[in-house]
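Start with the view below.

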Amino acid sequence: MNIEKRSGCPINLSLEIMGDKWSLIIIRDMMFGNRRHFRDLLTHSQEKIASNILAARLKHLLSVGLISKQDDPSHSQKAIYSLTEPAIQLVPLLAMMGGWGRRHLPVTPELSIRAELLENGGPVMWEKFMSELRDIHIKDPIGGASGKVVSPVLIDLTAAYRQVCATMAETD
């Protein structure tokens, strides 16, 4: 793992790897959106990351071992990005951050529903989700990227998001 070590503090070292504005957003999009190609990460992020920033962040995440990259067999010029085990183990952290954000920040219903479900599901749900992420990112990254291998937890989280979006559209 290639990181600048300013101290031996685990919080500091974690921030050295993921403390910039974009790294956790990219991991979030890969984890909860199953966005696995550069173009998907670029065009489907709510936060509108610039292409040069995305390229730099992907390179960084690769260098510190939070994601992996392999050629996409369906297209010679595409690559599939996958979460590695250390990134998958961020599920509880992201669930807790999402829960904190829901309680203390001006979030929107559609973008906070997944955080609510993850927080309410607790460690049992997190473990199940991490197991499924291992299937779609580590065991069969090509099947996971193509949708042949799926995560039932991710399907449920996505369905809840879509339901809230539909309900909000009806009230507008």
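## A pair across the chain

Which residue forms a salt bridge with Arg134? In this predicted model, the partner is Glu85, and the closest N and O atoms are 2.7 Å apart. The pair links distant parts of the chain. Arg134 belongs to helix H7 (residues 109-139), while Glu85 sits in helix H5 (residues 85-88), 49 residues apart.

Are these two side chains buried, exposed or in between? Arg134 has a relative accessible area of 24%. Buried means under 20% and exposed over 50%, so Arg134 is partly exposed. Glu85, at 26%, is partly exposed too.

## Helix H7 and helix H6

Glu119 and Arg102 meet through their side chains in a salt bridge, 3.1 Å from N to O. This pair also links distant parts of the chain. Glu119 is in helix H7 and Arg102 in helix H6 (residues 91-104), 17 residues apart. Glu119 is partly exposed, with a relative accessible area of 24%. Arg102 is partly exposed as well, at 26%.

## A pair within helix H7

Lys128 and Glu132 form a salt bridge at 3.8 Å, N to O. Both residues lie in helix H7. They are four residues apart, about one turn of the helix.

How do the accessibilities of Lys128 and Glu132 compare with the cut-offs? Lys128 has 46% relative accessibility and counts as partly exposed. Glu132 has 9%, which is under the 20% limit, so Glu132 counts as buried.

## The network and the total

Salt bridges also join into a network. Its members are Arg28, Asp29, Arg35 and Glu47. The count for the model comes to nine salt bridges. Side chains of opposite charge can pair when their charged atoms come close.

## The cavity

How many cavities of 30 Å³ or more are there? The count comes to one. The largest cavity has a volume of about 40 Å³. Rolling a probe the size of a water molecule over the atoms shows where empty space is left.

The largest cavity is lined by Trp22, Ile25, Ile26, Asp29, Leu41, Ser45, Ile49 and Leu54. Helix H2 (residues 23-33) gives the largest share of this lining, three residues. By type, the lining residues divide into six nonpolar, one polar and one charged.

Conventions
Residues numbered from 1 in each chain as written. Predicted model: local features only at pLDDT ≥ 70, side-chain atom pairs only at ≥ 80, totals over all residues. Heavy atoms only, no water. Salt bridge = Lys/Arg side-chain N within 4 Å of Asp/Glu carboxyl O. Helix = DSSP H or I, 4+ residues; strand = E, 2+ residues; numbered from the N terminus. Buried < 20%, exposed > 50% of the residue type's maximum accessible area, 1.4 Å probe, protein only. 1 Å grid on protein atoms, 1.4 Å probe; cavity = no way out; pocket = protein on both sides within 12 Å on 5 of 7 lines; lining within 4 Å. Points joined across faces, edges and corners; volume = space filled by probe spheres on them. Nonpolar A, V, L, I, M, F, W, Y, C, P; charged D, E, K, R; others polar.
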